[in-house]
Amino acid sequence: MGALSACGIAGTRDTGWKSGFDWDSWWRRQERQGTLDFANWPLYIDRTKDGSPTLNDFSRKYGVTVNYRPVIQDNASFFAQISPVLAAEQPIGYDLVVISNGWELTQMIENHWLVPLDHSRLPNFERYAGAASRAPAYDPKNEFTVTWQSGITGIGYDPEKTGREITSLKDLYDPAFAGRVGMMSDNTELGSTGMLVQGIEPVSSGPAEWRQAAEVLRKQRDDGIVRQYYDQGYIKALQQGDTIISMAWSGDVFQAQVSGNSNLKFVVPEEGGMIWHDNCMIPIGRPIPSTPSSGWTTPTGPRSRRRSPTGSTTSRRSPTRNRSSPTSSTTRPSPTARWSSRARRSPSSCTTTTTSRASATTRSGPRSSTRSSNRDLVTS
């Protein structure tokens, strides 16, 4: 059973910048360019018929045109797109990207594919960032990333169609909803849910626990419960009624509600929900398109109308920060927890750093870096 996935991409370690490189000197040499190419997730910045007020204000103030592209549907597919280019030491076409804490981000840091940040040019982060965004376990000194958005993975549902309120992850496995349940294709989300529904603490998980999650998820699939394993498109399926209950990111349901789907609800299940951070970073390969003091100040300033560590108000996923689970204080594995991946390589050849999303109670931590996909988890 392929319950665990590859420990890394062979041949990519240290294909980026070399240790000892003088980044202070590099930053001093950067000059303002005329454009900023920015890759992000959908619904992650304010929008009107005239574009984004935040980006328009930024462009007027700094004279930089922002090519904003909401092209990221999930971490794995975006990483698969950019990693061969970065490994070949070529630019990926974006000056800023947003990636969640997880194995993809860990790989980018370890491979030296990200530019170390100059925090003297990040005044708004220093002024406004909340405690959960400072020195996260996956980037302890915020050396490479700053949080763009934090949120919670829970359950979205339509009570008019489910016929009752939803309170538990077990509802995602209820035969009463067969063929109408949406599950996420994201490896971390799926596996963590498979553990939490069994009362397993992801913080202490290893290969055995991931195999237990695989068994539960396979049964759910084989019993015809799951309609589909979704990327960002899960929210459209929920809005259209293709699914009536689904794994969900909190802010997507909020956005759906304010867009006319007031019948939808979001709940942090009693077993706990996972807190995550989506992180803004600079990939190697291109000159910085504007002075970082402008490129990183206005989009993360208090006027921006999206949820971020700076205290702004709307988001792709999370309408609030630090929503609480009634009971769980689960966190996923810390970045110091390491285990060998027997399913794919011998323990002597590779160990996987298993980091953890925090539960929706009080703690926030990094996403898991266990490299399994839904196909690995639910197929033999």
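**View 1. Lining of the largest cavity in the predicted model.** The largest cavity is lined by T153, G154, L169, E189, T193, L196, M247, P269, G272, G273 and M274, in a structure that is a predicted model. Two elements each give two or more residues to this lining, namely strand β4 (146-157) and helix α7 (187-196), and the largest share, three residues, comes from α7. Sorted by class, the lining of the largest cavity holds five nonpolar, five polar and one charged residues. The volume of this largest cavity is about 70 Å³, and a search of the whole structure finds six cavities of 30 Å³ or more. Empty space of this kind is shown by rolling a probe the size of a water molecule over the atoms.

**View 2. The aromatic cluster that includes W17 and F144.** Ring pairs link W17, F21, W23, W26, W27 and F144 into a cluster. When the whole structure is searched, 13 aromatic pairs are found.

**View 3. R134 and the ring of F125.** Here the charged end of R134 sits over the ring of F125, at 5.6 Å from the centre of that ring.

View 4. D278 is found in strand β9, which covers residues 274-281. Because its relative accessibility is 0%, and buried means under 20%, D278 counts as buried.

**View 5. V64 in the loop between α2 and β2.** V64 has its place in the loop that runs between helix α2 (53-62) and strand β2 (65-69). With a relative accessible area of 1%, V64 falls under the 20% limit and is therefore buried. V64 and L36 are 28 residues apart in sequence, and their C-alpha atoms are 6.7 Å apart in space.

**View 6. A213 in helix α8.** A213 lies in helix α8, which is made up of residues 207-222. The relative accessibility of A213 is 0%, under the 20% limit, and A213 therefore counts as buried. Along the chain, A213 and I200 are 13 residues apart, while a distance of 9.0 Å separates their C-alpha atoms.

Conventions:
Residues are numbered from 1 along each chain as its sequence is written. This is a predicted model: local features need pLDDT of at least 70, side-chain atom pairs count only at pLDDT 80 or more; totals for chains, interfaces and linings use all residues. Side-chain values use heavy atoms; hydrogens and water are left out. Rings of Phe, Tyr and Trp (its six-membered ring) pair if their centres lie within 6.5 Å; planes under 30 degrees apart count as stacked, over 60 as edge-to-face and the rest as tilted. A charge sits over a ring if NZ of Lys or CZ of Arg is within 6 Å of the ring centre and within 35 degrees of the ring normal. On a 1 Å grid over the protein atoms alone, a cavity is a set of points where a 1.4 Å probe fits but cannot get out, and a pocket is an open set with protein on both sides within 12 Å along at least five of seven lines; lining residues have an atom within 4 Å of a point. Grid points are joined across faces, edges and corners, and a volume is the space filled by probe spheres set on the points. Helices (H or I, at least four residues) and strands (E, at least two) are DSSP runs, numbered from the N terminus. Ala, Val, Leu, Ile, Met, Phe, Trp, Tyr, Cys and Pro count as nonpolar, Asp, Glu, Lys and Arg as charged, and the others, Gly among them, as polar. Buried means under 20% relative accessible area, exposed over 50%, partly exposed in between (1.4 Å probe, protein chains only).
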